[in-house]
Structure formats: structure tokens, C-alpha cells
Amino acid sequence: MNETQITFGAATLLGAVGLWLMLPRGSHRGRWLGVLCALGSLGLFGYLAPRMYLAEESTAALAGELVFMLLAVVTIVSAAATISMRNPVYSAIWFAMSLLGTSGLFLYQGAQFLAVATIVVYAGAILVTFLFVLMLAQPKGHAYYDRLSWEALLSAGTGAVLVGVLTMAIDSSMKSDESRPKSAAAEQSTDQAPVVLAEQHVAHLGAQLFSKYLIAVEVVGTLLLVALVGAVAIVSGDRKPSDRPKGAGHA
Amino acid sequence: MPSDVVLLHNYLIVGALLFGIGLVGFLARRNMIVMFLCAEIMLQGVAVSLVAWGRFHNNWGGQIMVIFILAVAACEAGIALAMILMLYHRSGNLDIVFWQNLREENQPPHVDREIPEDVEGPRTWPTLTPAGVEPELDVEKTLHRSKV
């Protein structure tokens, strides 16, 4: 265990305490202290993350670093707000904000199609359906179960263990030379631009999707059909036999 | 560290944090809809990591995988919302504790020790001050409906 790993562990613990205080526990006491703890932990993570502009030392790299930091902070803060809001509608809105941050992160990696698809599929379809069900199934006033949590402390501890192990493992494997994954540029030792960042990005992605991964596309299409039929069957499943139209005999 | 390794490192950290936050929310929250939002946050964390690996290895596999994740998430959301609607019709609320009969045999039931009261109280909505001259209302015009 070196110093960085201990600091990663400390940041994770601080974040877990912050999340625990922010989760609904029946009272509002300590909520703002939790926000402060979580922000402090996020700042520690940002401080520990290696800097991109130190590797290249250019103004463009510094600007890119700042954009990445901004997107990451938006994504993570919105995700934390999603799980700590008392009102589920606010949770859904914060989740949409988190999705915007994620699609920004995709765009930063050059995944233009995914950035647009995330917004269209998630924010456009899934989230609107969630909000629709929320409006349909919301009892009057604030529900008591939005002001309580299951075992908030144990859940935060579980998350802290997982994130702590993950971040320490990522950091140590990236810093030691022998176990560091070799990038494509290092393997091929050619200075051509990465294929993933090629011009006509969507055309290349579609060509891959419908040639190399064609069977997977077919399987996913079938899965969508099955899910559609399943959802219809679930919703209309418990009709009484007397509701059936006459003539539809029992098989 | 070279700059591409730094980029991968930072994206993996962001993905791990998103996954952890979603996990904590899924375990702790009791509203079924918020639980499913948390599951989607976990999927987003995985997607961020996959895109970073794809860029790092100069391979389309990461992005293609995320497209499939999107499709599976859409299926999951459709079925989950249908189930939530059915469960709501039976129980009258979105509380997951209502269904704790499905727990294992030797587990003690969960009983709420105290239900906190709603501290936020009744909402007050903003009102607009009337401005300008109030127009005269023609009673006959409001009663007359030409198209009916």
C-alpha cells in the first residue's frame, strides 16, 4: 500500500459518509454536512487523478483536461443527487442531467453516435416513460417510503468497499510498468490516427455493426420483440376469465 | 504515464464512481422507480468504461457493446415499468417493503420503527399580482358557443 492508495481509500470513505448523510433517513439533520463530505471526496478524487496536460504540456491538453473535469463533475454530482432526492420526480430530472454529462463524456472520447443515441434513447424514451409512470402511480403528497432508506449505513459501506477496491486496483495497475495495459498505438508502433476517431465515424460504426456483429444485432432485435410481448403480457395478465370476449373459448 | 493511459485511468475512475453511486442507491432506496433509475446509473458507469477501453485499444468493440447495452436497457425499462404498474395496482404504493413476503424463510421481517412526519409541510405556490385594467366581460359571448 503506497500513499496514493491510502488517499484513494480515504476519499472513498469520505464519499461513503457523505452519501450516508445525504440519503433519506427520516430527518434532515446532517444533510448539508453530507453534501460537504461528498464534495470533499470528489475533490480528493480529482486531486488524485493523473493530469493529462502533464503528459503533453500544451495549452490544448490543458483545455481538454478542464472540459473532462467539468463533464465528470456534472455526471457524478447529478448521480449522487439522483439517489439522495426525496421527491422521485426530482430524482428523474437529476438522472437526465447525469445522462447529459455521460453523453458529453462519450463525445469527448469521439463516440459521436453514442452521445446522440444516449440522449435520444435514455432521455427521450426511457426517462419520459419513467416520468409517465411516476405521474400515474404517485400517491398524494410526499410518500413515507421516500423519506426512509433500507440500512443506509450498510449500503454506503458496501459501495465504499467496491469503489475503494476498484480505484486502488485501477491506480496500481496503471502506474506499474509491467502490468499496465498496452495501448493500440504502442502495439502497432505506427503513427496513424486511431480508427475509432476516423472521419465518417457513423459510417464506420454502422459498417462494423452490420458486418462483424450482424448476428448479435439479430439477437438484440429478437430480445426487443420478446420484451415487448412480455410487457404486454404482464400488463394484461390478470384479467378475469369473465372479461374475455365471448367466443374466445378455453383451449 | 503516457497521455492515453492517463485518459483511460480517469475514465475508469469515473465509471467506478458512477457504478458505486448506483449500487448504494439501489440498495438503500425504497421507491421502486428510484431503484430502477439507480440500475440505469450502474449501466451508465459500465458504458463509460467500455467506451474508454474501446478508444484505448483502437477497437470498435467497446462502442458496439454500448449500443447493445442501450437496447437491453430499453427492454429492461419496458418490462420494469409494466411490472411496477401492476405492483402499484395491487399494493397502492411504490414501496418495495410491501413485497417483503418474498424474503428468505429465516429472515426477520422489516418493520418501520418510526415513520417520520412530513417536515416540508404544505406547499405555497407563487401568485401573480394582477396588472392593468380588467377587461369587461361580455356575458352573452361567454355563454354563446357557435360550434356546438
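## B:Leu18 and its surroundings

In this predicted model, B:Leu18 is in contact (heavy atoms within 4.5 Å) with A:Thr75, A:Ala79, A:Ser98, B:Ile41, B:Gln44, B:Gly45 and B:Val48, leaving aside its neighbours within four places in sequence. B:Leu18 belongs to helix α1 of chain B; helices (H or I, at least four residues) and strands (E, at least two) are DSSP runs, numbered from the N terminus. With a relative accessibility of 0%, B:Leu18 counts as buried, the classes being buried under 20% relative accessible area, exposed over 50% and partly exposed in between (1.4 Å probe, protein chains only).

Residues are numbered from 1 along each chain as its sequence is written, chains are lettered from A and ligands numbered from 1 in the order in which they are written. Local features need pLDDT of at least 70 and side-chain atom pairs count only at pLDDT 80 or more, while totals for chains, interfaces and linings use all residues; side-chain values use heavy atoms, with hydrogens and water left out.

B:Gln63 is found in helix α3 of chain B. Its relative accessibility is 2%, so B:Gln63 counts as buried. With residues up to four places away in sequence left out, B:Gln63 touches A:Ala111, A:Leu114, A:Val196, A:His201 and A:Leu205.

## The interface of chains A and B

In all, 87 residues of chain B are in contact with 98 residues of chain A. The two chains bury about 8,700 Å² between them, 76% of it on carbon and sulfur atoms; buried area is the accessible area (1.4 Å probe) that two parts lose on being put together, summed over both. In chain B, the residues that lose the most area to chain A are B:Arg29, B:Asn58 and B:Trp60, together 9% of what that side buries.

Between chain B and chain A, 11 residue pairs are in polar contact, with both residues at pLDDT 80 or more. Helices α1, α2 (32–56) and α3 (61–91) of chain B each supply at least two residues of the side that touches chain A. By class, that side of chain B has 58 nonpolar, 16 polar and 13 charged residues. Here Ala, Val, Leu, Ile, Met, Phe, Trp, Tyr, Cys and Pro count as nonpolar, Asp, Glu, Lys and Arg as charged, and the others, Gly among them, as polar.

## Salt bridges

Which residue forms a salt bridge with A:Asp146? The partner is B:Arg29, the closest N and O atoms being 3.6 Å apart. A salt bridge is a side-chain nitrogen of Lys or Arg within 4 Å of a carboxyl oxygen of Asp or Glu. The rule finds one salt bridge across the interface of chain B and chain A, and the count over all chains comes to two. The pair that crosses between chains runs from B:Arg29, in the loop between α1 and α2 of chain B, to A:Asp146, in the loop between α6 (112–136) and α7 (152–175) of chain A. Both B:Arg29 and A:Asp146 are buried.

B:Asp95 forms a salt bridge with B:Arg30, with the closest N and O atoms 2.8 Å apart. B:Asp95 lies in the loop between α3 and α4 (139–143) of chain B and B:Arg30 in the loop between α1 and α2, so the pair ties together parts that are 65 residues apart in sequence. B:Asp95 is buried, with a relative accessible area of 2%, and B:Arg30 counts as buried at 1% relative accessibility.

## Chain A as a whole

The secondary structure of chain A comes to 10 helices and zero strands. Of its 251 residues, 40% count as buried. Among contacts in chain A between residues at least 6 apart in sequence, 64% join residues at least 24 apart.

Definitions and conventions
Polar contact = N/O pair within 3.5 Å; in protein donor to acceptor, adjacent residues only side chain to side chain.
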